[in-house]
Amino acid sequence: MNNQIQEQKKRLRVLIKDRGLYLMFGPLINLLLAEFAAYQALYAFFKSPFVVVGSKYFALGLLYPVVIAVPLLLLILRRNPFSFGFFYFLIFLSIGNILAKSELFYAFLDALYVLNFGDLASYLNSIFSSSKHIFILDLLLNIVWLFVLSQLIWISMEKGREMEERGMAARNLVIFQWGFAFISTYLIFLLYPAIFGFSIAVDNIPLIFTGIAGIAIFITSALVLSR
Amino acid sequence: MKVRKGTYVLIKTAMFLLVSGILLTSYELLALSAFPILLLLTPTFPVRISVESHDLDGGGYVGEEFRVSIELSAKGFGVVKVMHKIPEHFELTGGSNAVARFVVGSATLKIEYSAIPTKRGNYSLDKLVVQVENPFLTGKLFVREVEVPISIEVKQRIPKILKIGVHRGIAKSPTPEVDISKIGVPGTDFREIREYIAGDPVKFINWKASARKNDILVNQYEVEGKKSIWIFLDANPYMRYGETIRNYFEAAVEAANALSYYYTQKGYRVGLYLVGYRRYLYPDTGRRQFRRIGDELIKIEPSDHPESLDEAIENSKSLLITYKPLIYFITRLEYSRPIRAVLRASRFSRKMRRTPVEVISLSYDEETEELSRLALKTLKKSVESRLKASGIRTIDWEIHKPLSQVLMKEVLFA
């Protein structure tokens, strides 16, 4: 019995000393980030018009444990708890309030009118137009910040593991990278509203300019990725 | 240019937010799409690397561990990875030849490792590969090389041969050992300076050298009537066969080294012909000659331009006629089929006396019984028996066994 305990201790020591603490803490930190982002997304969801529609047919309260269990499940499956798929899902959860302000959505309602679904269109319009004033940018910013941070943590952890497997001495490198990633993303997170002036953007900039800017960024990204 | 993973992830996130923002005409998503892009704007700052100190300790022989330590100073900002390039024949036994560090301002990087060379040669360990990237592992990766003046000469350990068998055959005295009187009349050819041994004539004392060393040193001259040894080392492409560390060629080099050491120690003239390179070293005596042969053997690799043993004999014919040496062929019989060459070599002597020739036949005992293997084995046996019939001694050496053991067996057999 004593031998087994000694062996366990030895193994743990080897894991901590030789393979680096970051391999243990990386997934745990990502799990925490994912859970926090999930909470933000759920908060946004419960402020959205979807709740009004959905609560008639489903027990939406069950969504909390389901969403929160996803990162845990990913961790158990030894995958990144805050994966791209989970990020897409969280953005989808928060989409209700975005739709309430979306021109595309109202164009869709107009189409419903034309297609003789006037009742449904006016019902949806009544629900969604009442949510136009709800501002969820801060919640979305939290989710994006947490996701970007988690990705940087995951990439540096994988790189660290790869380096160790190749026999490279990289003591503390990953921890420093995490620290730097946290500080820089947090700074951007703090300054972001000030830089982009959301209220001005939302209210005053004509759609055409944002469209042009968007297309320009899209083309630039496509060029960068194609190289 | 390959997009790095960090860059890919950030662009993918930005694109998702951007496309969703455009589709849904959402200002929020559009504005948020710039978040990952801002991180991508972080440049890779230059980091200056300089070598502060370096040290190489130990080594020198195949299988002997050596230690390297290099200290570098880095100035700048970013993730710095430094790797000391080591040849493929080196095996790391401790430490690491690569180091990575997050540099903010200035930092010291230390590379410390120990390794074992598994093959002889002159190796230059003068390249440090430096990689610099930004902390997010995005953007451009700067790769450059820094020079560090480290080199190592790895020699093969010479297997100690106690005795080489005296073969009594057609020749009167095939092995020169029996021809030589160790106390023969010294000639006029200077050989080397050595320490005085009781009994040395006073006239051979080198007074100047003795005064310099504060010890009695004597000149040693070549003994008259000394015979020569001529080693034909087969360096044709077929000698490459085997493992990287232990193959036919490595074994042949080991045999050449051992024979030249044995005979130079005993005071014979030893010459070397590298079959495949059409190059030879004139027969000479002493440690200097052994060093010369050793230097040649340390850098040689199997040639890409085949040369038959017959051609080799033709190229060195004049020397063979002059010296009438004991000739050693170190080869693979099944490929070189040296019957003609060996017989020609043995006829360079006077009538009724044949130049002594010995063939060291290398073999590699594999357990596979493939058809090609069997064919080669049969061919080898046929060549061996033909050589035997011609009165040529063949020493079969299974290359995983120690050479001295094989030669000793021959002594006992004789």
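In helix H5 of chain A, which spans residues 84–93, the residues Phe86(A), Phe87(A), Leu90(A), Ile91(A) and Leu93(A) are buried, a residue being buried if 20 or more other C-beta atoms, placed from the backbone, lie within 10 Å of its own, exposed if 12 or fewer do, and partly exposed in between. Because these residues cover an arc of only 155° around the axis, they lie on the same side of H5(A), the arc being that of the directions from the helix axis to the C-beta atoms. On the other side of H5(A), Gly85(A), Tyr88(A) and Phe92(A) are exposed.

The model is predicted, and local features need pLDDT of at least 70, side-chain atom pairs count only at pLDDT 80 or more, and totals for chains, interfaces and linings use all residues. Residues are numbered from 1 along each chain as its sequence is written, while chains are lettered from A and ligands numbered from 1 in the order in which they are written.

The cover of the buried residues of H5(A) includes helices H2 (22–45), H4 (63–76), H6 (95–100) and H9 (137–165) of chain A, together with helix H1 (5–23) of chain B; helices here are DSSP runs (H or I, at least four residues), numbered from the N terminus.

In the meeting of H9(A) with H1(B), Phe147(A), Val148(A), Gln151(A) and Ile155(A) face Lys5(B), Gly6(B), Val9(B) and Thr13(B), with contact taken as C-beta atoms, placed from the backbone, within 7 Å.

Methods: Helix = DSSP H or I, 4+ residues; strand = E, 2+ residues; numbered from the N terminus. Contact = placed C-beta atoms within 7 Å.
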